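Thanks, everyone, for making the time. I would like to go through the covalent links and the charged pairs in one structure, so please keep it open while I talk.

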Amino acid sequence: MQWIIFMLLLFISSMEMLTQNRWKKQASAGLLENCTGCVLCSEDNGCITCHHRLFLLIWRDGIRQYGMCVHTCPPGYFGVRGLEVNRCTKCRSPSCESCFSRDFCMKCKDKFYLYKGQCFRQCPPGTAAQPDTRECQESCEPGPWSEWSACTHESRTCGCKWGVETRVREVPEAAREDGTACPARLETRRCRMKKHCPGEKTEPKNKGKKRQKKPKTERHTGT
């Protein structure tokens with residue numbers, strides 16, 4: 001009886017060793033074409049772990065899952081570095097070509113426009129589509145106009161018939177930093193000035209004309 005148990009245990013141990021050897025052969029990266037850069041690889045599922053400088057890209061084909069070690073993640077994925085393995089993680093939006101994180105897109109696919117990390121077929125209200133960059137650019141909404149300035153001519157506020165007055169409006173700081181195209185921020189218009197400055201002496205209209213003396217009339221007395 002003991003001899004039978006001993007032979008049974010020996011048989012089980014041999015089968016386990018055979019299974020381990022078979023798995024090691026499958027895990028050998030150099031024996032399989034789809035195991036380039038792998039540390040551990042499966043004949044059925046491809047790469048399981050990669051060298052520390054590579055990213056593990058996993059995709060599905062029906063119910064099967066395959067792994068591949070790549071230097072750069074393909075479009076639609078972004079790289080996440082971890083302590084045990086670096087992975088290529090898929091962008092959440094199918095219209096995103098490259099992303100910074102799962103929910104923040106950096107470049108959209110054709111026929112889509114990028115705005116604040118999201119992809120749109122049509123830019124949201126208040127923005128304009130930029131065909132060159134395929135981005136939605138915000139329209140500038142400047143502040144209210146200021147009061148008209150004093151009427152001046154060559155830095156003088158008087159002493160001339162006509163002058164110019166100006167008014168301005170502020171542009172939001174965010175628009176200045178982003179380089180957003182904004183409407184005109186300065187307006188000018190013609191204005192009347194005081195022809196004579198306060199305290200300025202004016203010449204009399206009859207200055208320079210000699211006063212004409214009235215002719216004397218002689219009185220004749222009768223005799």
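Predicted model: local features only at pLDDT ≥ 70, side-chain atom pairs only at ≥ 80, totals over all residues.

The link of Cys123 and Cys136 is left-handed, with -85° about the S-S bond, and the sulfur atoms of the two residues are 2.1 Å apart. Cys123 lies in the loop between β10 (118-120) and β11 (127-130), whereas Cys136 belongs to strand β12 (residues 135-138), so the pair ties together parts that are 13 residues apart in sequence. When I say strand, I mean a DSSP run of E of at least two residues, numbered from the N terminus, and by disulfide I mean a pair of cysteine sulfur atoms within 2.5 Å. Cys136 has a relative accessible area of 9% and is therefore buried, where buried means under 20% relative accessible area, exposed means over 50% and partly exposed is in between, with a 1.4 Å probe and protein chains only.

Residues are numbered from 1 along each chain as its sequence is written, and side-chain values use heavy atoms, with hydrogens and water left out.

How many disulfides does a search of the whole structure find? The search finds nine, and one of them is formed by Cys50 and Cys69, with sulfur atoms 2.0 Å apart. Cys50 sits in strand β2 (residues 46-50) and Cys69 in strand β4 (residues 64-70), so this pair ties together parts that are 19 residues apart in sequence. Both cysteines, Cys50 and Cys69, are buried, and their link is left-handed, with -90° about the S-S bond.

Cys96 and Cys105 are also joined by a disulfide, with an S to S distance of 2.2 Å, but here the torsion about the S-S bond is about 100°, so the disulfide of Cys96 and Cys105 is right-handed. Cys96 counts as buried at 2% relative accessibility, and Cys105 counts as buried at 4%.

Cys160 itself is partly exposed, with a relative accessible area of 23%.

Let me turn to the charged pairs. The whole structure holds five salt bridges, each being a side-chain nitrogen of Lys or Arg within 4 Å of a carboxyl oxygen of Asp or Glu. In one of them, Glu138 pairs with Lys116, and the closest N and O atoms are 3.6 Å apart. This pair links distant parts of the chain, since Glu138 is in strand β12 and Lys116 is in the loop between β9 (113-115) and β10, 22 residues apart. Glu138 is partly exposed at 34%, whereas Lys116 is exposed at 60%.

Glu165 forms a salt bridge with Arg189, the closest N and O atoms being 2.3 Å apart, and this pair connects strand β13 (residues 162-168), which holds Glu165, with strand β14 (residues 186-192), which holds Arg189, across 24 residues. Glu165 is buried at 11%, while Arg189 counts as partly exposed at 41%. Strands β14 and β13 are also linked by Glu187 and Arg167, respectively, 20 residues apart, in a salt bridge whose closest N and O atoms are 2.9 Å apart.

How values were computed: Helix = DSSP H or I, 4+ residues; strand = E, 2+ residues; numbered from the N terminus.
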